[in-house]
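Reader: I'm new to this one. Could you take me through a single part of it, slowly and in plain words?

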Amino acid sequence: MKQSLLAFFFLFIAMQCFSQEAKFDTITKLNGETIEVLVSSVGEKEISFVYPNETVNNVINKNQVKEIKFASGRVQKFSEKIVINGEQDWEKVIVTTLESDIAGLVRKGEVRAKASGGSTFSNQANIDEKATMKLKKEAAAMGAHIILLQSQKTETGGYSGAGGMGTVPKSLKQGVAYSYQ
């Protein structure tokens with residue numbers, strides 16, 4: 001009787017061990033893709049994880065991640081997706097000079113913008129804003145939500161004096177537009 005009870009107990013324990021499914025963490029990316037993984041660490045800029053039944057450590061940039069649903073039930077949110085439906089959404093476009101901000105994103109194309117003042121006394125800050133607005137509109141028309149600014153050139157206006165013609169201030173900007181997909 002004791003042996004059959006002991007055998008039944010071990011059989012019950014074994015069945016419990018095999019019947020429990022392994023729980024994984026779920027990473028939801030900003031492009032809509034979800035992946036089931038085991039998250040090993042969440043750093044300042046990156047998330048490290050391992051795919052089920054593998055041992056290789058993988059890394060994803062936090063800029064690509066909307067949230068992680070941990071196996072424990074806890075949810076950690078990172079960023080919301082910036083939705084660009086065309087040029088009318090130009091104000092949502094981000095301009096950055098940090099390459100880490102575009103890690104893992106898809107290159108959409110180059111963008112360029114030029115703005116100049118109406119006279120030699122035009123406000124340089126307003127001209128720079130106008131060039132940035134044009135740059136963002138061009139990126140939004142491509143469906144991009146972020147621009148990696150590669151160069152900007154500002155020419156201040158001036159009066160040459162003695163009856164000569166002055167130069168108007170100008171702003172030239174160039175970058176690369178990126179999107180989630």
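Author: α2 lies across β7, β8, β9 and β10 and runs at about 150° to β8. Axes here are lines fitted to C-alpha atoms, for helices over the stretch in contact, with angles from 0 to 180 degrees between N-to-C directions; contact means heavy atoms within 4.5 Å. Helices (H or I, at least four residues) and strands (E, at least two) are DSSP runs, numbered from the N terminus.

This is a predicted model, where local features need pLDDT of at least 70, side-chain atom pairs count only at pLDDT 80 or more, and totals for chains, interfaces and linings use all residues. Residues are numbered from 1 along each chain as its sequence is written, and side-chain values use heavy atoms, leaving out hydrogens and water.

Now the sheet: 4 strands form an open one, in the order β7-β9-β10-β8, with mixed pairing. Two strands pair if DSSP finds at least two bridges between them. β7 (94–96) and β8 stand at the edges with a single partner strand each, so one side of each has no neighbour in the sheet. On average, neighbouring strands are turned by 30° against each other, direction ignored. β9 and β10 (residues 170–179) pair in the antiparallel sense over 9 bridges, and Q152 stands opposite K173 in β10.

K173 turns up again with A113: leaving aside neighbours within four places in sequence, A113 is in contact with residues including L135, L172 and K173.
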